[in-house]
Amino acid sequence: MRIDQPALVLLGVAGVLGVAVLLAVTWDRRGKVWRSALVTVSVLVVAATAGLQVNRMTEAYPSWAALLGRAPRHPAPAGAKFADGDVPASPGVIGGSRVLSMTVAGPASGLSLQMYVYLPAGYAGSPRTAFPVIEATHGFPGTAATWMRKLRAQHYLDTEIAAGRMAPTVVVFPMQTPKALLDTECTNLVHGPQTETYLTADVPAYVRAHFHVRADRGGWGLIGYSAGGFCTNNLLLRHPDRYAAGACLSGYASPGIAIGDGSENTYNNPAWRLQHLPQPGVSLFLAWAEDDRTTRRDSLRLAALAHSPVQVTTAVVAHGGHSHAVWQEMEAPAFDWLSAHLARPETP
Amino acid sequence: MRLTGLPLIITTAVLGLLVIAATVLLWSRFGRWRLLTRTLGVVLAEALVVATVGLIANRSEEFYPSWQALRGDTGTTSSTAPPPAGRLDALLAGGRSTLPWRPASLASWHLATTPTVLLPRDYRDRPSTTYPVVLVLAGSTAEASAAAAAHADGVVTVVATPTAATTVAALGRMGVALGEDVRVTGYGWGLVASSGSASLAAGLVDSAPARFAGEALIGRGARPAGSVAFAVVRTVPGKPSPPGKLSPSGKALPPERLLPSGKAVAPGRPGKPGKVAPQAPATSLTCPAGSVWIVAARWAAAQTGQPLQPAVRLPVGAHSAGGAPPGEPPAGSHSAGRLPVGGHPTGPQPAGGR
């Protein structure tokens, strides 16, 4: 049984009820040891059930293996052969597209993490076409599986591409932390994982080597929700030579963690960068929900600080807070906007 | 009672404490019914404790600021609005795809000849598609004909022949005029310039960096200052190859003009200030003399976006954002012709953390 199945939570609720009944029935017949053991069990079962439900919401541990610290390993795809295992379910998929899972070992960062790759319909049939690429970062806690399962990325990409509102695009969903509960904010943590290097050097190099995609900055974009939205803002401003456009869904203007060298207040702080450094020629899509106060304030701040050559487009959802419903609402507009701001699939 | 309000949290917490107290105090009452009351008490107490913790977490992180949000109701309908038809669209009934273009502002551009607009093959069949533009600045009427013959498909090509009197400021307004007449995007254009128009082209790109995604320069000349993709097209004399065959040498040319210091940001490791970096090296394209315009036009078209159907849009919100892209109508400003677009949330799906 998968760790994020609703049936598992129902099983947990049944367990809570069962332990409660057992407690009521056996209390008068058994001794202190039994009683305290049963009380402990009931607390544990409640906590486990609540934990399973929270994990279902965040996909922090998308599989039992991830919970046990054994990340799924996939051999690097060679040629047209891919490891199709552990492909996350995504309801409402139109067809023609594929989602592959692989482990990307990064020589520059030393990190080796799992990644999903969305190949649009028609990808396999056009081996000479170099497709544009979007790199998607996830929130915290969260994983690349959150994009697939909770945000139904394959469904939205299929729909937008089939409708002609988006060019066929390769979308990669890398992980941005080696530990589910370590918040890296896509930065190079001092004495910690070098996730910025992994995401901006190792992942692009791997994608260029294994897929027929564009290599130029005009053909590369970023998208992210929540903490991933911060990643988009920060990586786009820090690496304008690698990415031309970024879409930030309910993201932040500062990382909210200590990086170890104080740079969370300066070079890894998009608001500070826009104020204190020359602005690069990039396009930024900032979306927020009106009742999500922090990301609304941060997005408005970034929009106000940005000036030419940074181009800002804003998009607002009326309400819904900081939730998957809001990000699903933003996905189609964000992907359409990104595609319009990236170079087209190039056929020689 | 508000979902994130203290009254709800206090009520839930107090209720939880009361249930716990009642369950403990009344544990052995109610005779045969005590099995039921005990079970109910335990389950209710557990549920209220979990609810209290959940409400406190939600209040501090604001995942769901309202009951409405908890239901997954975003109160928002994204929409697509078809682009307004270009004024020239009506003239294309006869199947013409090459038009002399005489907009009202033509005289202000001081061009040597009337510019030509060349449309993609499928322009008439796709009335709601918006196309990117390749703007060609030719040095002579002969070059203009060569450029018109080199029109790449999938873009709207505008061939203009600037003169010494043509200014960046005047020509910079061409995008608006073109947007009224033809269904084109206002950003991500390709630019092709002959060496005589190099400074005009660089000025155009520098004055509106978002307008252009790439510039192909035929011969030598100034290059734009920003991060726009840049290619130099050169001829290889006496080396015949099939016309139109693109042969990028893969060799990077040294940047023709370095950025003035402090103009670009190339961040180093975290904590280190961004260094001023030279621009990305220019792409070098070589080809036989007969196909320079074809090679340049193809390269410029490949830097532009794909012709797309109208995007799904959300309202832009009531605020003033810095620098809306040129020619891009503000989203949400369309009140008529809204088409509801699918993609609604399936149910309340909370998210944790940030």
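**Pocket and cysteines**

Tutor: Let's start with α2(B), which gives 14 residues, the largest share of the lining of the second largest pocket. This is a predicted model, where local features need pLDDT of at least 70, side-chain atom pairs count only at pLDDT 80 or more, and totals for chains, interfaces and linings use all residues. Residues are numbered from 1 along each chain as written, chains are lettered from A and ligands numbered from 1 in written order, and side-chain values use heavy atoms, without hydrogens and water.

Student: How many disulfides does a search of the whole structure find?

Tutor: A disulfide here is a pair of cysteine sulfur atoms within 2.5 Å. A:Cys186 and A:Cys231 form one, with their sulfurs 2.0 Å apart. Over all chains, the search finds one.

Student: How many residues apart in sequence are the parts that this pair ties together?

Tutor: A:Cys231 is in helix α7 (residues 227–238) of chain A, while A:Cys186 is in the loop between β4 (170–174) and α6 (195–210). Helices (H or I, at least four residues) and strands (E, at least two) are DSSP runs, numbered from the N terminus. So the pair ties together parts that lie apart in sequence by 45 residues.

Student: And A:Cys248, which is in no disulfide: which cysteine has the nearest sulfur?

Tutor: A:Cys248 is buried at 0% relative accessible area (buried is under 20%, exposed over 50%, partly exposed in between, with a 1.4 Å probe and protein chains only). The nearest cysteine sulfur is 9.7 Å away, and it belongs to A:Cys231.
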